[in-house]
Amino acid sequence: MALRNIVKQGDECLQKVCRPVTEFNSRLHTLLDDMTETLVDSGGVGLAAPQVGVLRRVCVVMNEEEEIIELVNPEIVATEGEQTGLEGCLSVPGRFGIVTRPYVVRVRAQDRDGNFFEVEDEDLTARCFCHELEHLDGHLFVERAEKMLSDEELEEYIRRMEEMEEDED
Ligand code: ZN
């Protein structure tokens with residue numbers, strides 16, 4: 001396994017529509033292994049292949065149990081509800097915005113050996129599915145954000161979230 005370089009906003013890899021994976025070979029497995037290592041190293045929750053310069057429909061998502069879900073040729077097949085919240089991206093470091101997404105998202109994808117499966121999740125992981133799949137079509141969350149936050153607004157937002165969590169305890 002090896003860490004891969006994460007490309008940043010402005011790189012043309014992030015604006016391309018990625019091609020489907022057709023060969024489920026050792027090259028794909030190495031890509032997936034490297035993407036997982038790169039994701040864990042970066043402290044993020046999702047990474048799409050174009051973010052490491054590979055224009056293929058592949059992404060990895062870490063769910064709230066910290067399990068890695070490998071998605072090859074993923075498609076959203078069902079959504080439910082709505083959530084509005086803070087979103088960021090490893091390719092847009094230091095910038096965060098408010099984005100509205102479905103609350104529940106069901107994805108159909110292939111695993112590293114080409115077997116089809118479906119996975120459904122909610123909240124942050126559902127947000128992540130939407131965000132990563134958009135990367136595969138050349139889009140960044142900043143295009144969708146209803147508002148990008150300044151540093152002060154970000155601090156204020158995080159403080160409010162922490163207060164809300166304390167109230168719940
Ligand atoms: Zn991203």
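## Reading the model

Analyst: First, the ground rules. This is a predicted model, where local features need pLDDT of at least 70, side-chain atom pairs count only at pLDDT 80 or more, and totals for chains, interfaces and linings use all residues. Residues are numbered from 1 along each chain as its sequence is written, and side-chain values use heavy atoms, with hydrogens and water left out.

User: Which residues coordinate the zinc ion?

Analyst: Start with the rule for donors: they are N, O and S atoms within 2.8 Å of the metal (3.2 Å for Na, K and Ca). Water is not among the atoms, so sites may look incomplete. Here the zinc ion is coordinated by Cys-89 through SG, and by His-131 and His-135 through NE2, at 2.0 to 2.3 Å. The sequence spacing of these donor residues is C-x41-H-x3-H. Cys-89 and His-135 link distant parts of the chain, 46 residues apart. Cys-89 is in the loop between strand S4 (83-87) and strand S5 (97-101), while His-135 is in helix H2 (residues 123-135). Helices (H or I, at least four residues) and strands (E, at least two) are DSSP runs, numbered from the N terminus.

User: Is Cys-89 buried or exposed, and what about His-135?

Analyst: Buried means under 20%, exposed over 50%, and partly exposed in between (1.4 Å probe, protein chains only). Cys-89 is buried at 11%. His-135 is buried too, at 1%.

User: How many disulfides does a search of the whole structure find?

Analyst: A disulfide is a pair of cysteine sulfur atoms within 2.5 Å. The search finds zero.

User: Which residues have the most contacts inside the largest nonpolar core?

Analyst: The general idea: in soluble globular proteins, nonpolar side chains tend to be buried together. A nonpolar core is a set of buried Ala, Val, Leu, Ile, Met, Phe, Trp, Tyr and Cys residues joined through side-chain atoms within 4.5 Å. The largest one here has 16 residues, and those with the most contacts inside it are Cys-59, Leu-71, Val-105, Val-107, Val-119 and Phe-129. The elements giving two or more residues to this core are strand S2 (58-62), strand S3 (68-80), strand S6 (104-110) and H2. H2 supplies the largest share, five residues. A second, separate core has 14 residues, including Val-21, Leu-32, Met-35 and Val-72.

User: What is Val-107 in contact with?

Analyst: Contact means heavy atoms within 4.5 Å. Leaving aside neighbours within four places in sequence, the partners of Val-107 include Leu-71, Ile-76, Phe-117, Val-119 and Phe-129.

User: How many salt bridges does the structure hold?

Analyst: A salt bridge is a side-chain nitrogen of Lys or Arg within 4 Å of a carboxyl oxygen of Asp or Glu. The structure holds 15. One of them joins Arg-106 and Glu-120, at 3.2 Å from N to O. Arg-106 lies in strand S6 and Glu-120 in strand S7 (residues 116-122), so the pair ties together parts 14 residues apart in sequence. Arg-106 is partly exposed at 28%, and Glu-120 is partly exposed at 47%.

User: What separates Glu-156 and Arg-160 in helix H3?

Analyst: About one helical turn, with the two being four residues apart in H3 (residues 151-168).
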